[in-house]
Amino acid sequence: MGRVRYLGAKVAQVLMTLLAVATFNFLLFHVLPGDPIRLQARAGRLQPEDIARLKELYGLDLPLPQQYLVYLRDLVTGDLGTSFTFKKPVAEILAERIVNTVELLFLATVLVLVIGVMAGVLAAARRGTRSDAATVAVSLIFWSLPTFWTGLVLIFIAGVWLHLLPISGMTTPGAHFASPLAGFVDLLRHLVLPTITLILVDIGQFVLITRSSLVDVMTEDFILTARAKGLSPRTVLWRHGVRNAMLPVVTASGLYVALVIGGAIQVETVFSWPGMGSLIYDAVMRRDYPLIEASFLLFAVTVILVNFLSDLLYMVIDPRVRNA
Amino acid sequence: MSAATTIGPEQDRGRAAAARANLALAWADPIGRAGFILLAFTFLLAVVGPIVFPFDPKAVGKTAADILRPPSGVHWLGTDELGRDVFRETLAGAQVSLLVGLLATAISMLAGTAVGLAAGYSRGRFGGVMMRITDFFLVLPTLPLIIALAAVVGQSLGVIIVVIGVTSWASTARIVRSQVLSLRERVFVERVRALGATDLRIAMVHILPNVLPLIFANTVLVIAGSILAEATLAFLGLGDPLHTSWGTMLHSAFTNGAISRGAWWYLLPPGLGIVIVVLGFTLVGYTLDRILNPRLRSR
């Protein structure tokens, strides 16, 4: 029963947050600096009669509350407007691009989680040693790297200097592959540098969070009990320590999505990866406001939904929440 | 425990002594000391550098041969895509990056502390609403938010500072609130309340000073984030075109093909500048947080 109520409260909270984001977006792009027409006028040049015609077209002659309702209705029906530069519905462009971003982020995310948690556990298990100190220091250095610059340096080293790997795009332009396998290998080669960049800049915080959480848990009484029972150090560490240290890591994974979206924008820009990130960059460069607006909305909704999922996961693995 | 005491109705002199003791603890830590040294180095470069080696943005090259020249006796770090001196440009960029980082953090701290105090101290619905707003900003993805704001509002240094400031206060508000929640139930707060102190006075005079040390550690980390945010924004072409920062330099290097032309002298100085200053603030912030955060102090 408590579980159902908890779930209901969470769902209500997510719906409220989604509505708040939509409202925020409406205020930011439609009310705050002016309306889409003024934004468009700033991007190019418009005659007064054009402005009047466009106002009617966009429904900007309506009173504000009514515009808001129209905006919400369009959102719910998936109508995100038309891109200035692509001259296509924004929703269509997003659908094409989002697949490529997921493709880019999937491998990096898995590796960041696995390597980051392992390194954090190893450091915590050897707390106070030189290798622990080195792990913390290296994590802090990685944490301080600007994503875009790390990508540029990798491009310089592996692409321009050593000519080892492709530095741009998803596939070799104009290439014809003898087999699907050869095409897949080509894609993997394009994935190497962006993936390494994302791992380098995002891994530090997982190492540090895992380490500090595990160090915390290992000082608890039940660890002492487990040791006193005569369990092997390995069993104590993994079965009793790591298992209980994972809660902050799950929370961090929820927040990681916000981080990795920032990473994707920079990495895709630097490596010309045709995903959501380079899309928002191009949209900013060309002042394509409907596209900027929809990209921001999509990113925000993604983060909210993933945080919701991490809350649900919390409910599954933390008995205190489960039985509350 | 004694040197790192942050909570309790101390007198001002005791508090100043505690602050000095905490800084001494941070200096004694190898990670903290490395951070302080990196910061001293950066501030020296940013303050003294442009005086000794002033940068003239109009001193462009006269022929195509002056463009993207490798380091030489005349240009210690080579020239950029307009034939200007990269060494001097990097020093000038340090000033802008630090200035934006510090001012944006000031905004973020003031907003975060005010919201955190209000949300933690006020009982009832107001505090709840403040916390909902905080959670909302906490969940928004920062970089897309900054991009959207900068793209809509404009591209001057002032706008960039405000945009970074208003998008980074939420985590501070959360930290402050949780501290205030535990503080306001303490006996000394009960006592001054019994003496007839107003809520505002209790919050400002009796609670805020006890939260300050933790805010300080958080501030140092937020500065690191703000400098990174400015660099990223400028790299993505949303910087102030009139003020050279490390981010705008890397934007020019990237969009003018300096990397594929092998101009490492244009790629490394501004990037290493960002890494050094961000690392400096991160190391100091990490160390202070370990010393001051009551939950972490036992380690």
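Predicted model: local features only at pLDDT ≥ 70, side-chain atom pairs only at ≥ 80, totals over all residues.

Reader: How many of the residues in each chain count as buried?

Author: In chain B, 47% of the 299 residues count as buried, and in chain A buried residues make up 35% of the 324 residues.

Reader: Why is B:N22 called buried?

Author: The cut-off is 20 or more other C-beta atoms within 10 Å; B:N22 has 21 C-beta neighbours inside 10 Å, and therefore counts as buried. The place of B:N22 is in helix α1 of chain B, residues 12–28. The C-alpha atom of B:N22 is separated by 7.7 Å from that of B:L292, although the two residues are 270 apart along the chain.

Reader: What share of the contacts in each chain joins residues at least 24 apart?

Author: Among contacts between residues at least 6 apart in sequence, 72% in chain B join residues at least 24 apart, and for chain A the corresponding share is 71%.

Reader: What makes α9(B) a bent helix, and where is the bend?

Author: A straight helix of 40 residues would span 58 Å at 1.5 Å a residue, whereas α9(B) spans only 43 Å between its end C-alpha atoms. The bend in α9(B) is about 50° and lies at B:L208, with a proline, B:P209, following within four residues.

Reader: Which residues of helix α6 in chain B are buried, and what covers them?

Author: In α6(B), residues 157–166, the buried residues are B:I160, B:I161, B:V163, B:I164 and B:G165. The cover over the buried residues of α6(B) includes α3 (86–121), α5 and α9 of chain B.

Reader: How many residues does each chain bring to the contact between chain A and chain B, and which helices of chain B supply them?

Author: The contact takes 38 residues from chain B and 39 residues from chain A. On the side of chain B that touches chain A, at least two residues each are supplied by α4 (125–139), α5 (142–153), α9 (199–238), α10 (246–255) and α11 (264–292). The most is given by α11(B), with ten residues, and this side of chain B divides into 30 nonpolar, seven polar and one charged.

Reader: Which residues touch the most other members of the largest nonpolar core, and what is A:L152 in contact with?

Author: The largest nonpolar core has 156 residues, of which A:L152, B:I146 and B:I147 touch the most other members. The largest share of this core comes from α9(B), with 18 residues. The test for a contact is that C-beta atoms lie within 7 Å; leaving aside neighbours within four places in sequence, A:L152 is in contact with A:V270, B:F254, B:I259 and B:L267. As a general background, nonpolar side chains tend to be buried together in soluble globular proteins.

Conventions:
Residues numbered from 1 in each chain as written. Chains lettered and ligands numbered in written order. Buried ≥ 20, exposed ≤ 12 C-beta atoms within 10 Å, placed from the backbone. Contact = placed C-beta atoms within 7 Å. Nonpolar A, V, L, I, M, F, W, Y, C, P; charged D, E, K, R; others polar. Core = buried A, V, L, I, M, F, W, Y, C linked by C-beta atoms within 7 Å. Expected span 1.5 Å × (residues − 1). Bend = angle between axes of the 7 residues up to and from the residue.
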